[in-house]
Amino acid sequence: MGKISSISATDWQTVLLNLARSYSFYAPVSFNGSMDYELIDEDNAGEIVYNHPKPSTPLKTFFLPVKENVTADLKEQKPALIMGAPSCDLAALDILDEMYLNRDYTDIYYKNRRKNSILIGYDCQSMLENCHCTSYGINPFPEKNFDLLLIKLDDNLLLQSGSAKGTAMLKELENHARITEAEENDIKRIEEKRADLREVLTQKNNKLPGYDSSGRLIKASDDNIWKSYASTCVSCGACATICPTCTCFLLIDRPDFEKIRQLDACQYPGFERVAGDEDPLEELPVRFKNRYQCKYVWKPLKFKSIACTGCGRCIETCIGKINKNELLRELASENKV
Amino acid sequence: MKDDNIYKPLRAKLVEVIEESPTIKSFVLEPEREFSFATGQFVELTLNGIGEAPFTPSSSPLVKDKMEITIMKAGYVTEKIHKLNPGEIMGIRGPYGRGYPLEEFYGKEIMVLGGGCGFAPLRSLLYNLEAEKDRVKKVTFCYGSKNPAECIYKPYIDNLRKMDKFEVYRTVDEADESWAEEVGVATVLLDKVEVNIDDSVAVVCGPPIMMKFGVMKLLEMGYTDKQIYLSMEKNMSCGLGKCGHCMMGEYFVCMDGPVFRYDEIKDQPNIWK
């Protein structure tokens, strides 16, 4: 696992308060049966949830806010510290970075927010009903895109650096707490937990086709399955809104040549409509299928990174009770790929 | 360049409005600094505070201080643009995407098929071909429109007819007594022209239905998929390969197009919508 540091739960509380003073500090807090990022201060620092999957809001929202003026001057902001990002959401940053940083046109607002943030990833120590990261080659513990990794084990918090920013942060923490090298036994326990959870996820999703086969199945599918699953779709766009890799947007014009970048979704009617009213996605089943094709067929031809990281949020959020994985399993069982 | 703000438009002054037809006007813009584009590339034109839409300039890419954009009244933004008077300050972003691959046209006969406001990008191409006419064998321009009043660029057509190596054929769906040319949809013109197909490329731009039947007709005549070039109209909203509105199967039309060779797109879904 590499170098792991350990800090006692008591010391950690002091650390948290210091962090809350220096950063815009977000961490997962439970409320009414769901868990989401909250701005942390001394009042709620004790309520932070550790190593539980997964905040309701995908990580993308910190870097691509629902609405942002993209013609305004960049402002100096207090650096953001985002704690509790699960592996699926961290992996999803790959395609966002490809799209907003590494293509011919860099989005300076995204770049600025990425630069100005420190990410603390969490190991997941349990799974939710629709988690399926392992089906797409992602482990339920972060392996990329984090600055620090945090795992709570009884009365200790274990920390691992994943970047220069993370190493600097560990150094900074030493000013407020006693940080020791993690016990070998603790590391062994983490490794066991990781292996166990990976096994549970793999078993639970054993009938789910992998990422590439899903693409092939979708490509070969006929219209019937899309008509059938789209029959309860109400085009609310929640699946795309809550997806850690869906970032389609609308540019809205304001006076003084201001432009607002606002999160949009291909599931909304009129998304691809052009002047003269032609609309390739006019029919609901076609529009519904579009999102699957985009993720599993088209994005893989355009980007190196995958466009679904198996978080399962689209299934949990759907008011039409459409289960993406059920659809993919059905395609797989029909086609035996 | 990398840290420029990709969303901020360049200011451009509207210096002239030309009425081309009852539904189509051309807008001559003077950008605040020199603006270069390759023929077939598009720009995002901002009407301050109202909206932004993609257009392919209709003027010559060789002219850098002025740019002409021809716009049909077809929606919310274009209706407001049609009400503008010279003096208005507009915004331009771009140029974006892949234009016409002129190097693939050199040494050949070029069949240009246009319909309605689809003449706009084609006029830019024709201007460019005029300047490069020593490098092409022949240019045959076939243009169809609804009726004589909707035929745009009349003075330009008159000049083009006089040009060595250029042939012009026109048709209208509904003729009146003033009309002495063909009657029928744009594709009927393809029966009139003489072309050595093996040594030719075809370029098509117009409303989706016309492009669809134009391509079918060209294939029937013996053109191959690889000899046909199309300028696709999709909802290019950001122009930057990000916003997703112009996705056509695996392509971002804004970056991979708007000009495609037919073989590149024929298997993508809903290309004629």
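**A helix in chain B, and what lies beyond**

Reply: Let's start with helix α2 of chain B: its buried residues pack against β5 (67–72), β7 (109–115), β8 (138–145), α3 (154–162), β11 (200–205) and β12 (228–231) of chain B. This is a predicted model, where local features need pLDDT of at least 70, side-chain atom pairs count only at pLDDT 80 or more, and totals for chains, interfaces and linings use all residues. Residues are numbered from 1 along each chain as its sequence is written, while chains are lettered from A and ligands numbered from 1 in the order in which they are written.

Helices (H or I, at least four residues) and strands (E, at least two) are DSSP runs, numbered from the N terminus. A residue is buried if 20 or more other C-beta atoms lie within 10 Å of its own, exposed if 12 or fewer, and partly exposed in between, with C-beta atoms placed from the backbone. Two residues are in contact if those C-beta atoms lie within 7 Å.

Back to α2(B), which covers residues 119–131. From first C-alpha to last, its 13 residues reach 18 Å, close to the 18 Å expected at 1.5 Å a residue (that is, 1.5 Å times one less than the number of residues). The helix is mostly covered, with 10 of its 13 residues buried. Among them are Phe119(B), Pro121(B), Arg123(B), Asn128(B) and Leu129(B).

What about the core? The largest nonpolar one has 159 residues; such a core is a set of buried Ala, Val, Leu, Ile, Met, Phe, Trp, Tyr and Cys residues joined through C-beta atoms within 7 Å. Its residues with the most contacts inside it include Val112(B), Ala202(B), Ile228(B), Ile120(A) and Leu150(A). Helix α3 (residues 87–100) of chain A gives the largest share, 9 residues. Leaving aside neighbours within four places in sequence, Leu150(A) is in contact with Met83(A), Ile120(A), Tyr122(A), Leu157(A) and Leu159(A).

While we're in chain A, it holds 12 helices and 11 strands. One open sheet there has 3 strands in the order β4-β11-β10, paired antiparallel (pairing takes at least two DSSP bridges). β4 (67–69) and β10 (249–254) of chain A each have a single partner strand at the edges, so one side of each is left without a neighbour in the sheet. β10(A) and β11(A) (residues 258–263) are joined over 6 bridges, and Phe249(A) has Leu263(A) as its bridge partner.

Finally, 41% of the 337 residues of chain A count as buried, and its C-alpha trace spans about 65 × 55 × 40 Å along its principal axes.
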